[in-house]
Amino acid sequence: MGAIPICTMGQDDHSKNDKTKYLIDSAKIENYFQWANNIEYQKTYNFDSKVLSNNEKKRDTQFLTNFIENNYDIVKLYDEFPFSPAMLIDYLYAIDINGDNLLDIFYQGPTGGELNITQIFLNKGEKFERIFKEYQDIIQMAFKNNKLTSLTLINPGCCADPQIVEYHYKVSYENSNPIFSLGKTIGYMSMTEQVETKYEKERKFKTLNNETKLRNDCYFFDNIEHPVYGGEGNVIITYKKGSTGKAIGYKKDTDREWIYVLMDSTNEMASCDFPTFLEHPTEIYGWILKTETDLK
């Protein structure tokens, strides 16, 4: 990645500094929301919420009960963990992930706070070993030759947090031991304008301006503090000149054309108000003006 991007949301001095960074203009905010009432937004994410239960060939409650009673100390997250072993059964799934005919354990459940967590415990025969621990939930899994080859976790945000991030892991093996590698991270906003017209084929592009603004919808809403989640209006990220991405679709207004894009994770940002998008190099979906790119 390039220079470290600017990020304001979530910092300790958010209330002191950010409130003066952007204007609060009730008339412009009202106009924006009146416009937004007439557009369609995409579904926030599309996934199988039952991916673990669908991959559990047989629900063996006794096996899961034995596991949690004997391994509670490696499942609980801290000493004052507020859930007893019996309370965790519904969050446990027995799935063989490495093809050795031993049932391994997935824990996908509460942390005692706002977030869920996913933990995977490998069945070693005489004991279980935790091999994966990441916050949020699994939304996709893939197997080949009875071995897990990939999984995707999602951070769907919380409360007024509009950031949604997908974490795509690849799984390799060393002596039947799974190794999880984060392949790519994809982010987008919970309120992103629907793409009505898609290109027949995705088109690569570069940005021409030094401050190209990626937005969640096709509207100029700049220098105004968003009343729900802060930040500069509908601006997600401001990219520097030469940033690259793929154009997926487009929308034409009376005097301009917008393109719906997936920006590359290697781009250098000028600013960003959403810290979850900065935790890893992240590909980001959004809208930019076509005239700010080299697309013809």
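**Aromatic contacts**

A cluster is formed by Y32, F33, W35, Y219 and F221, joined through ring pairs. Rings of Phe, Tyr and Trp (its six-membered ring) pair if their centres lie within 6.5 Å; planes under 30 degrees apart count as stacked, over 60 as edge-to-face and the rest as tilted.

Before going on: this is a predicted model, where local features need pLDDT of at least 70, side-chain atom pairs count only at pLDDT 80 or more, and totals for chains, interfaces and linings use all residues. Residues are numbered from 1 along each chain as its sequence is written, and side-chain values use heavy atoms, with hydrogens and water left out.

The count is 20 aromatic pairs. Y32 and F221 are stacked, because their ring centres are 4.2 Å apart and their planes are at 15 degrees. Y32 sits in helix 2 (residues 26–36) and F221 in the loop between strand 10 (212–215) and strand 11 (235–239), 189 residues apart. Helices (H or I, at least four residues) and strands (E, at least two) are DSSP runs, numbered from the N terminus. Y32 and F221 are both buried, meaning under 20% relative accessible area with a 1.4 Å probe, protein chains only.

F132 and Y169 have ring centres 5.2 Å apart and planes at 85 degrees, so that pair is edge-to-face. F132 is in strand 4 and Y169 in strand 7 (residues 163–174), so parts 37 residues apart in sequence are tied together. F132 is buried at 5% relative accessibility, and Y169 is buried at 9%.

Four strands form an open sheet, ordered 1-2-3-4, with antiparallel pairing; two strands pair if DSSP finds at least two bridges between them. Strand 1 and strand 4 (128–135) are the edge strands.

Notes. Buried < 20%, exposed > 50% of the residue type's maximum accessible area, 1.4 Å probe, protein only.
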